[in-house]
Structures are given as structure tokens and as C-alpha cells.
Amino acid sequence: MSGINVRLVSVRRVRQCGAEGPVMITPEQVGERYLAVHHRMFRAVNDEMNGCGLSMARTKVLRRLHEQGPTRQHVLAADFGLSPHSITDLVDGLERLGLAERRPDPTDRRAKLVAITDAGEAGLDVATATRERLLKQVFGALSEADRATLLRLLDSLDEAAQGLISAPAMVPA
């Protein structure tokens, strides 16, 4: 993943006016640490999946095709928030590997549908098993209670992030 710079931040103990008391940890420190851990976990899972022949991005496209059937490229791009160029690159790569194919759209002869192939189904099975194994390995290090707490915290963070994304852009008057 080129272009992503992750800066590790150590959490420093900050005391107010030299008084003994609780350690103050800033939201920025927690955010930086979260991003560093997320990047490391993403990289570990993606690297292992690449070793099986599929990146996480390609696996997501195959999973979408497996679950919902043949789909037009522009729909895939919209579903994943990708540019037309990016989805074309992904589909081209899947097609080169024989994991997906472009077919004529029976409802519009000018359009093409992207469909998963039998080899794509087999590759998806391997990628899914690899991903599940790695996630069990990472999150299995936590107790069941810690996993429940982490899930609750992630839900809260997700809600806060969704609020930022869905907030209408302010246009200067």
C-alpha cells in the first residue's frame, strides 16, 4: 500500500499541575494508535491473501458477484465508492486470472455484465478461509468479554464516523 504513512505515537502520561491523578490520554493519541493498528492488521491480512492470489479488494468484488450475481461495472464502482478507472483495473485483473468474466447484458446489448467464474468461486473459498483464519488468530488473542467491549466501542466510533461522512458539505455564501 503505497501512499499511506502511519506514524506510531506513544501515549505519554500527562499530569495536571504535577498532581497525582488519572493519566490523560488525548483523542488524537488514541486515533493515531488505532490507525497504526488498523494499518498493521490490514497489511497482514492483505499480504497473506495476496499470497493466495487475491487481494482484499479483489476478494470484495468476487464476494459481491457471488452474492448478487452478474453486475455492470458502473454499479460495482458505485457500490465500492471507486472511480471507473479503479473498478476497470480490478475487473481486468480478475479477468486476467480467470476469476471473473465480462458477458453481454441480455437487457442492453451495448452493456457488459461482470460475472464470477468457477475458478473465481474456488479462489473466493480459499481467500475467505484465509481471511477467517487470520481474523481468528488476531482477535482470538482477546477474551470474549474484551471482544464484546471492542465491538461496542467500534460501533460507537462507526456511528461518529458516519456522522462525519453523511454531514452535508458547508458551502460558503
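Leaving aside neighbours within four places in sequence, Gln73 is in contact (heavy atoms within 4.5 Å) with Ile87, Thr88, Val91, Arg102, Lys112 and Val114. The model is predicted, and local features need pLDDT of at least 70, side-chain atom pairs count only at pLDDT 80 or more, and totals for chains, interfaces and linings use all residues. Residues are numbered from 1 along each chain as its sequence is written, and side-chain values use heavy atoms, with hydrogens and water left out.

**Gln73**
- Gln73 belongs to helix H3, residues 73-80; helices are DSSP runs (H or I, at least four residues) numbered from the N terminus.
- The side chains of Gln73 and Arg102 form a polar contact at 2.8 Å.
- A polar contact is a pair of N or O atoms within 3.5 Å; within protein, one must be able to donate a hydrogen and the other to accept it, and residues adjacent in sequence count only if both atoms are side-chain atoms.

**Helices H1 and H5**
- The axes of H1 (residues 27-51) and H5 (residues 118-139) come within 9 Å and cross at roughly 145 degrees; axes are lines fitted to C-alpha atoms over the stretch in contact, and angles run from 0 to 180 degrees between N-to-C directions.
- Residues making this contact include Met41, Ala44 and Val45 of H1 and Ala127, Thr130 and Arg131 of H5.
- By class, the contact has nine nonpolar, one polar and three charged residues; Ala, Val, Leu, Ile, Met, Phe, Trp, Tyr, Cys and Pro count as nonpolar, Asp, Glu, Lys and Arg as charged, and the others, Gly among them, as polar.

Key
Helices (H or I, at least four residues) and strands (E, at least two) are DSSP runs, numbered from the N terminus.
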